[in-house]
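Look at the sequence and the structure below before reading on. The briefing then goes through a few side-chain features, topic by topic.

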Amino acid sequence: MRKPWYPTQRWNWWQRNPAYRRYLLREATALPLFVYALVLVSGLYRYTQGQLAFTRWLEALQSPGWLVFHAIALAACVLHAVTWIELVPKLLVVPGLSGITIKRGHQVAALIGSAVVVGAALASWPLGGGGS
């Protein structure tokens, strides 16, 4: 009886192909976004504990380390969104529509959605810089 063949795969197999590197970078953007979601959930928890706890949480987020983390999370979010919109024409094939039409449609939808979110945030922002 012959022994089965086990192919050897080196630990850095993904470094040989640029497409694999881009894919793993895109998937790695989920890590800072997951941590950011946990930060937001902790903010909701602090909000339930009262105004003082929530204010301290907000003050803690203004430290340089958290500001750097927010910049990293923003960059990860933008990279994830851009690469997702680039992938849409390959994943969503609609007869009669070109890939560029589908891509532009998703870009417009993302811009409209972002404008709605920013508009809602600005509409709910307390005027004068302080809450009552």
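What follows covers salt bridges, a surface patch and aromatic pairs in a predicted model.

**Salt bridges**

- The structure has two salt bridges.
- One of them joins the side chains of arginine 26 and glutamate 27, with a nitrogen-to-oxygen distance of 3.3 Å.
- Arginine 26 has a relative accessibility of 10%, so arginine 26 counts as buried, the limit being under 20%.
- Glutamate 86 is partly exposed, at a relative accessible area of 40%.

- Lysine 103 is part of helix H5, which spans residues 99-124.
- Is lysine 103 buried or exposed? Its relative accessibility is 16%, so lysine 103 counts as buried.
- Leaving aside residues up to four places away in sequence, lysine 103 touches Ile85, Glu86 and Pro89.

**A nonpolar surface patch**

- Trp84, Leu87, Leu91 and Leu92 make up a nonpolar patch on the surface.
- Together these residues have about 370 Å² of accessible area.
- Leucine 91, one of the patch residues, is located in helix H4.

**Aromatic pairs**

- How many aromatic pairs does the structure hold? There are five.
- Among them, tryptophan 13 and tyrosine 20 pair edge-to-face, with 5.5 Å from centre to centre and 70° between the planes.
- Tryptophan 13 is partly exposed at 35% relative accessibility, and tyrosine 20 is partly exposed with a relative accessible area of 41%.
- Tryptophan 66 and phenylalanine 69 form another edge-to-face pair, with 5.5 Å between the centres and 85° between the planes.
- Both tryptophan 66 and phenylalanine 69 sit in helix H4, three residues apart, which is about one turn of the helix.
- Tryptophan 66 counts as partly exposed at 31% relative accessibility, whereas phenylalanine 69 is buried, with a relative accessible area of 15%.
- Tyr36, Trp66 and Phe69 are linked into a cluster by ring pairs.

Note on methods
Residues are numbered from 1 along each chain as its sequence is written. This is a predicted model: local features need pLDDT of at least 70, side-chain atom pairs count only at pLDDT 80 or more; totals for chains, interfaces and linings use all residues. Side-chain values use heavy atoms; hydrogens and water are left out. Helices (H or I, at least four residues) and strands (E, at least two) are DSSP runs, numbered from the N terminus. Buried means under 20% relative accessible area, exposed over 50%, partly exposed in between (1.4 Å probe, protein chains only). Contact means heavy atoms within 4.5 Å. A salt bridge is a side-chain nitrogen of Lys or Arg within 4 Å of a carboxyl oxygen of Asp or Glu. Patches are made of residues with over 30% relative accessible area and no salt bridge: like charges are joined within 9 Å, nonpolar side chains (Val, Leu, Ile, Met, Phe, Trp, Tyr) within 5 Å. Accessible areas come from the Shrake-Rupley method with a 1.4 Å probe; for residues, only the protein chains shown count as cover. Rings of Phe, Tyr and Trp (its six-membered ring) pair if their centres lie within 6.5 Å; planes under 30 degrees apart count as stacked, over 60 as edge-to-face and the rest as tilted.
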